[in-house]
Amino acid sequence: MSSESERKLSLEELRQMNMPQQLPPEQYPAATDWPELSAALGAIGELLAEQNLTLEDLSRRSYPGPTPKQITELLQEMKAIHRLLEQAGKKKERRFSLPRFQLPQPTWTWLVVPAALLGLWALWYGWAAFWNGLATLLP
C-alpha cells in the first residue's frame, strides 16, 4: 500500500499541483442591489446607536459591590476550601496513642477520711485494751 506522498511524480505533475489556482473574477453588487444594501446598513447603524446608548446607561450606573457580610462569608468559605485542600495534599497517616488516664487530684478534704478512720481505730483499740485490763482485775 503506497500513499500519495510516497509515489514518485513527474516534474510536470508537480508543477501542476503547485500552480496557483485561478480565482474567479470579483463580482460587485449591481445598481439594483444598492438600495437594499444601504437600507441594511442604515438598520445596522440604528442598532449600533441603540447599543451605544444602552452601554452608556449601564456605565453610568454604579455597582454597589459586595456587602461586608458577603465579604466575610466569602473569606470563611475560602478558608474552609484552603483547609480542605491542605488536608487533601497530605498523606493519610496512621496514628497510635495510648489512652490517657487521669488520676484524681488529692485535696485537703481527702485527708479527713483517713484521719477519721485512724481516730475510730484508736478508740476501738483503747476500748479493747481497757476491757482486757478490766477483765484481768475482775475474776
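This is a predicted model: local features need pLDDT of at least 70, side-chain atom pairs count only at pLDDT 80 or more; totals for chains, interfaces and linings use all residues.
## Overall make-up

The secondary structure of the protein consists of 4 helices and 0 strands, and along the sequence these elements follow the pattern α-α-α-α. Of the 139 residues of the protein, 0% count as buried. The accessible surface comes to about 15100 Å², and 64% of this area belongs to carbon and sulfur atoms.

## Aromatic pairs in helix α4

The count of aromatic pairs in the model comes to 3. In one of them, the ring centres of Trp 121 and Tyr 125 lie 5.6 Å apart with their planes at 20 degrees, so this pair is stacked. Both residues belong to helix α4, where they are 4 residues apart, about one turn of the helix. Trp 121 counts as partly exposed because its relative accessibility is 49%, whereas Tyr 125, at 51%, counts as exposed.

The rings of Trp 127 and Phe 130 have their centres 6.0 Å apart and their planes at 45 degrees, so this pair is tilted. Trp 127 and Phe 130 also lie in helix α4, 3 residues apart, which is about one turn of the helix. With a relative accessible area of 55%, Trp 127 is exposed, while Phe 130, with 46%, is partly exposed. Ring pairs link Trp 127 and Phe 130 with Trp 131 into a cluster.

How values were computed:
Residues are numbered from 1 along each chain as its sequence is written. Side-chain values use heavy atoms; hydrogens and water are left out. Helices (H or I, at least four residues) and strands (E, at least two) are DSSP runs, numbered from the N terminus. Buried means under 20% relative accessible area, exposed over 50%, partly exposed in between (1.4 Å probe, protein chains only). Accessible areas come from the Shrake-Rupley method with a 1.4 Å probe; for residues, only the protein chains shown count as cover. Rings of Phe, Tyr and Trp (its six-membered ring) pair if their centres lie within 6.5 Å; planes under 30 degrees apart count as stacked, over 60 as edge-to-face and the rest as tilted.
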